[in-house]
Amino acid sequence: MTDSLLCHQTPAWAQLQAHWQQDARHIDLRAEFARDGRRLALLSQHAPHIWADLSKNWLLPGTEGLLRRLADDCGVLAWRDAMFAGEQVNTTEQRAAMHWLLRTPPDAGLLGELPIARDWGAPLRSALDETARTLQAMLRLADEVRADAAITDVVHIGIGGSYLGPELAVQALQHLAAGGPRIHFVANVDGGELSAVLGRVRAANTLFLIASKSFTTAETMMNAHTARAWFLAQGGSEDAAQAQSIARHFVALTAQPEAAARFGITRVLGFEDWVGGRYSLWSAIGLPIAIAVGSAAFRALLAGAHAMDAHFLAAPPETNLPLRLGLLDVWYRDFCGLGSRCIAPYSHGLRRLPAYLQQLEMESNGKGVTRDGRALAVATAPVLWGEPGTNGQHAFFQMLHQGQDVVPVEFIAARTPVGDLVEHHHDLLVNAVAQAQALMLGHASGDAHRRCPGNRPSTFLLLERLDANALGALIALYEHRVFVSGAVWGINSFDQWGVELGKCLARELVAREGSGDWAGVDASTRELMRLGALAPSQLGV
């Protein structure tokens with residue numbers, strides 16, 4: 001597929017600009033609810049495991065229609081179909097983006113839920129068979145670890161997508177974990193994190209998972225080598241015949257099994273190069289999730305995501321929730337001029353959702369050029385930030401209500417409580433609903449200090465319960481939403497070249513430190529290296 005017009009050159013873009021200037025910038029949500037008794041019905045919908053209320057957003061009756069016209073002009077649905085057909089939508093790396101395949105059931109009947117699948121050829125069906133075999137091996141290992149009384153702790157070492165997704169899912173589904181070992185996550189190259197975990201475990205009872213697609217990620221490998229040295233110092237052995245050996249206590253989750261073997265790891269779960277890091281929790285990278293909650297719950301996680309895949313493919317544009325939310329994001333970013341979005345999960349289990357979504361959206365869409373290298377003249381990914389409710393109410397909600405920046409807020413909550421403190425959950429939900437209402441209504445007090453302007457937009461995503469199905473659907477919803485906005489902007493949402501620059505410069509600084517040659521390096525960098533940098537052997541790059 002090729003691009004022609006940039007998004008801001010399309011007829012729909014000009015129409016949306018005119019719509020904003022003439023009508024939508026004057027919207028008053030309070031007046032819209034008073035004027036249109038059908039507003040909630042038109043701007044809310046069910047999707048797999050989620051009820052979405054978009055009615056408190058800056059949307060007039062004609063706004064979504066114009067946004068769908070923009071999607072047509074930019075070929076969004078054609079790009080969607082190309083992704084689900086296994087085409088190389090990751091154009092800069094010449095790869096497909098088939099994370100959705102990882103949660104597609106191998107059964108032919110279920111496969112028929114995805115309309116595009118009817119036209120699949122042998123290569124995609126072969127890939128599906130391979131993912132099914134890997135999944136079976138992973139779940140078998142997970143159940144073995146859960147049943148092994150000698151393993152009391154699992155330490156998962158990764159970073160970025162090899163860490164954020166699994167940590168989010170393990171925390172969100174912790175209430176489903178019955179038995180099994182404790183799960184610890186290590187990502188930061190700051191030694192304080194790894195030291196704290198190692199101080200709480202015993203080598204003889206610990207399984208280490210090393211998660212790195214390339215098995216060369218600097219932070220992950222430095223932590224892995226330190227964990228390996230600690231394990232050996234605590235009585236571990238490099239001899240695979242020994243009970244306390246690296247072969248028994250380390251597992252690699254990687255696309256490079258040869259590199260893992262050189263490390264001394266013989267148990268390897270692999271995945272294909274089309275599995276991007278921030279889309280990898282569905283793959284072998286999800287092993288700590290399966291260990292935490294068991295194979296049945298992990299399959300339910302996949303099933304929930306697959307249901308959202310089918311919805312994204314089959315639902316008409318008017319009720320296609322990923323499409324509606326992705327277009328809403330473009331509307332706020334480029335026409336309303338709103339540069340950030342607040343994520344407010346009213347769930348302790350979803351406390352890492354803001355961090356997970358930061359990577360998913362800002363690493364995917366934080367770019368200024370199109371797939372074919374042309375400069376974009378419009379803004380792309382907003383800044384995502386947030387904190388679980390009700391904690392956020394006592395931190396930054398003051399700014400949301402009375403600050404001069406308008407920030408759309410996304411509330412995520414579940415109807416059914418986790419645990420038996422039902423009264424707590426009732427108060428939690430009431431607070432979430434009240435905050436969304438307060439943002440819209442405001443407060444017209446005579447006292448200027450108490451006045452809240454209101455008319456501040458929000459979206460409410462309500463799960464029936466925080467279970468594996470709903471979590472899978474929620475994460476897949478966000479994946480597809482990010483894809484939609486990226487497709488409008490014409491960018492490649494699946495590469496992350498900006499991440500590489502700092503890594504390259506770090507390696508260069510270490511080389512300069514070793515050689516003593518600082519020619520051409522700016523004064524600030526030289527002084528910071530002199531005052532604060534460690535020796536090359538300690539930097540691990």
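This is a predicted model: local features need pLDDT of at least 70, side-chain atom pairs count only at pLDDT 80 or more; totals for chains, interfaces and linings use all residues.

In which helix is Gly 191 found? I looked it up and found Gly 191 in helix α9, which covers residues 191–198.

**Entry: Gly 191**

I checked the surface of Gly 191 next, and it counts as partly exposed at 40% relative accessibility. I then looked at the distance to Met 222, which is 31 residues apart from Gly 191 along the chain. The C-alpha atoms of Gly 191 and Met 222 are separated by 9.6 Å.

**Entry: Thr 220**

I moved on to helix α10, residues 218–233, where Thr 220 is found. Is Thr 220 buried or exposed? Thr 220 is buried, and I noted a relative accessible area of 0%. I listed its contacts too, leaving aside neighbours within four places in sequence. Thr 220 is in contact with Ile 157, Gly 158 and Ile 159, and also with Ile 210, Ala 211 and Ser 212.

I wanted to look at backbone angles, with a reminder to myself first. Most residues other than glycine have a negative phi, and most peptide bonds are trans.

Phe 215 is not a glycine, and yet I found a positive phi of about 55 degrees there. I placed Phe 215 in the loop between β5 (206–211) and α10. At 5% relative accessibility, Phe 215 counts as buried.

His 49 is not a glycine either, and its phi is positive, at about 70 degrees. Where does His 49 lie? I found His 49 in the loop between β1 (44–47) and β2 (50–53). His 49 has a relative accessible area of 37% and is therefore partly exposed, whereas Phe 215 is buried.

**Entry: a cis peptide bond**

Which peptide bond did I note as cis? I noted the one from Gly 389 to Thr 390, with omega near 10 degrees. Thr 390 lies in the loop between β9 (383–386) and α17 (397–402).

**Entry: Leu 43**

I went back to the part of the chain around β1, and found Leu 43 in the loop between α3 (39–42) and β1. Leu 43 is buried, with 8% relative accessible area. What does Leu 43 touch, not counting residues up to four places away in sequence? I wrote down Ala 52, Asp 53, Leu 54, Ser 55, Leu 59, Glu 64 and Arg 324.

**Entry: α1 against α15**

I turned to helix packing. Helix α1 (residues 11–22) packs with helix α15 (residues 321–335) at an angle of about 70 degrees, and their axes are 11 Å apart. The two helices, α1 and α15, are therefore roughly perpendicular to each other. I recorded their crossing as right-handed.

Which residues of α1 and α15 meet? On the α1 side I listed Trp 13, Leu 16, Gln 17, His 19 and Trp 20, and on the α15 side Val 330, Trp 331, Asp 334 and Phe 335. By class, I noted six nonpolar, two polar and one charged residues in this contact of α1 with α15.

**Entry: α14 against α19**

The crossing of α14 and α19 is right-handed.

The α14 residues that meet α19 include Ala 297, Ala 300, Leu 301 and Phe 312. Among the α19 residues that meet α14 are Leu 471, Ala 476, His 480 and Phe 483. I noted the classes for the contact of α14 with α19 as 14 nonpolar, four polar and one charged.

**Entry: cysteines**

How many disulfides does a search of the whole structure find? It finds zero disulfides. Cys 342 is in no disulfide, and its nearest cysteine sulfur, in Cys 452, is 16 Å away. From the side of Cys 452, the closest cysteine sulfur is that of Cys 342, and 16 Å is too far for a bond.

I checked burial for both. Cys 342 is buried, with a relative accessible area of 0%, and Cys 452 counts as buried at 18% relative accessibility.

Notes:
Residues are numbered from 1 along each chain as its sequence is written. Side-chain values use heavy atoms; hydrogens and water are left out. Axes are lines fitted to C-alpha atoms, for helices over the stretch in contact, and angles run from 0 to 180 degrees between N-to-C directions. Helices (H or I, at least four residues) and strands (E, at least two) are DSSP runs, numbered from the N terminus. Angles under 35 degrees count as roughly parallel, over 145 as roughly antiparallel, 65 to 115 as roughly perpendicular and the rest as oblique. A crossing is left-handed if the near helix is turned anticlockwise from the far one by less than a right angle, and right-handed if clockwise. Contact means heavy atoms within 4.5 Å. Ala, Val, Leu, Ile, Met, Phe, Trp, Tyr, Cys and Pro count as nonpolar, Asp, Glu, Lys and Arg as charged, and the others, Gly among them, as polar. A disulfide is a pair of cysteine sulfur atoms within 2.5 Å. Buried means under 20% relative accessible area, exposed over 50%, partly exposed in between (1.4 Å probe, protein chains only).
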